[in-house]
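Okay, thanks for coming, everyone.

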Amino acid sequence: MFEKKIGGRAILLAGKPGTGKTAIAMGLAQELGEDTPFTTISGSEVFSLEMSKTEALTQAFRRSIGVRILEETEVIEGEVVEIQIDTAVTAAEKSGGASGSSSKGGFEKTGRLTLCTTEMETVYDLGTKMIEALTKEKVTAGDVITIDKASGKISKLGRSFSRSRDYDAMGAQTRFVQCPEGELQKRKEIVHTVSLHEIDVINSRQQGFLALFAGDTGEIKSEVRDQIDAKVAEWREEGRATIVPGVLFIDEVHMLDIECFSFLNRALESDMAPVLVIATNRGISKIRGTEYKSPHGIPLDLLDRLMIVSTVSYTFDETKKILSVRCEEEDVEMSEDALELLTRIGMETSLRYAIHMIMAASLVAEKRKSGEVEIEDIKRVYTLFVDVKRSTQFLMELSKEFMFNELDAENDDDDDDDDDSDSDESDEEENENSTASPSKEAMEEG
């Protein structure tokens, strides 16, 4: 993944809730850096979007594939030796002053910029736009700058080492660079990294690049994608572009149905496929859209393609370390005894419940005017906010006091069955009595 050469591989993170599956994916995204495309979606998002399921997955796949485009442009790069700016009064201003009329002119700025490298020095004439660009970038003598000849864009690379002693104090953001070598005018390669989905949107909407900021991309025709794929393949052959396989992370993958799984099977066989990382907390469950059961709710043919990584529960020391880091992130001071108690609570209940208790305990400690969370604060929060096990026990004990309770409905059904059986027995007795009485009358008559 770091070398950006692996694509079409699939990994399954399987484990019970709270074992760090999503945390592994987020850590993977940070390690790969900004240059590697990383897309995160949930399995339920595919059904909530205003487009077909396969279109949503296709867009997610193409967001995870980057295209590194190489461009050559001519730039002027050198160290600023001197900037001279002259302000001249325009002709309209002169004529207005001589005639005494109310017409107003303006001031025209011209100037000269002296740039140098280790081998040469050149003076350039400046117009109004270039002077404004230099003023905007706050360029002064001693700065190393680059000027794009095509667009006129000025970029400040830093300050020259030869001018490092011009001031007694420098800011922490000041960057020192070497004076450029060679000629001032150079041909420089510029790298642009965009995703295939961004290229799709730009070429399928009338707004062009502005369509990326609208958010509503809608469905994209397959003909547009085919043309883009052909163009990218042409750039690759010419050496102007390279493919950067990224990572697509699908959480709660068991929410996908059999059609989505079939699409994933086919998409992984493509030449331009990212690394697919999926996560689930299901065991043997039904495949959505079918009546068949499968491990993790995933079809067996897709499971055969996956490299399965099982996640297990955190140990006591790992849980304590995670809670300690979380306290630092939320700027909460906690005593060692309180952290020990919170870790035990996290092991008995869940890590998420223990993390939620950190901020609540901090507020309780702040209320009693203490800067550190103690054991009594953890105990107070533990009594105020219940975890899943205690909540379930509470519901079981007081189930009759809640409305629309299933246990009450089951008891009512049992009572109805008992009433029906009692009524059936009484009917049978009446029938027996009714059949017995005529026989007695007949015997008396006889």
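Predicted model: local features only at pLDDT ≥ 70, side-chain atom pairs only at ≥ 80, totals over all residues.

Residues are numbered from 1 along each chain as its sequence is written, and side-chain values use heavy atoms, with hydrogens and water left out.

So, helix α14, residues 375–384: D377, I378 and V381 are buried there. Buried means under 20% relative accessible area, exposed over 50%, and partly exposed in between, with a 1.4 Å probe and protein chains only. Looking down the axis of α14, those buried residues fall within an arc of 100°, so they line one face of the helix. Their cover includes α12 (336–348) and α13 (351–367). On the face turned away from that buried side, α14 carries the exposed E376, K379 and T383.

Next, N265, which sits in helix α9, residues 258–267. Is N265 buried or exposed? N265 counts as buried, because its relative accessibility is 12%. Its side chain makes a polar contact of 2.7 Å with the side chain of R305; the cut-off for such a pair of N or O atoms is within 3.5 Å, one able to donate a hydrogen and the other to accept it.

Last one: F394, L395 and F402 make a nonpolar surface patch of about 270 Å². Patch residues have over 30% relative accessible area and no salt bridge, with nonpolar side chains joined within 5 Å and like charges within 9 Å. A salt bridge here is a Lys or Arg side-chain nitrogen within 4 Å of an Asp or Glu carboxyl oxygen. F394 is partly exposed, at 43%.

Technical notes:
Areas by Shrake-Rupley, 256 points an atom, 1.4 Å probe, with all protein chains shown as cover. Helix = DSSP H or I, 4+ residues; strand = E, 2+ residues; numbered from the N terminus. Arc of directions from axis to C-beta. Contact = heavy atoms within 4.5 Å.
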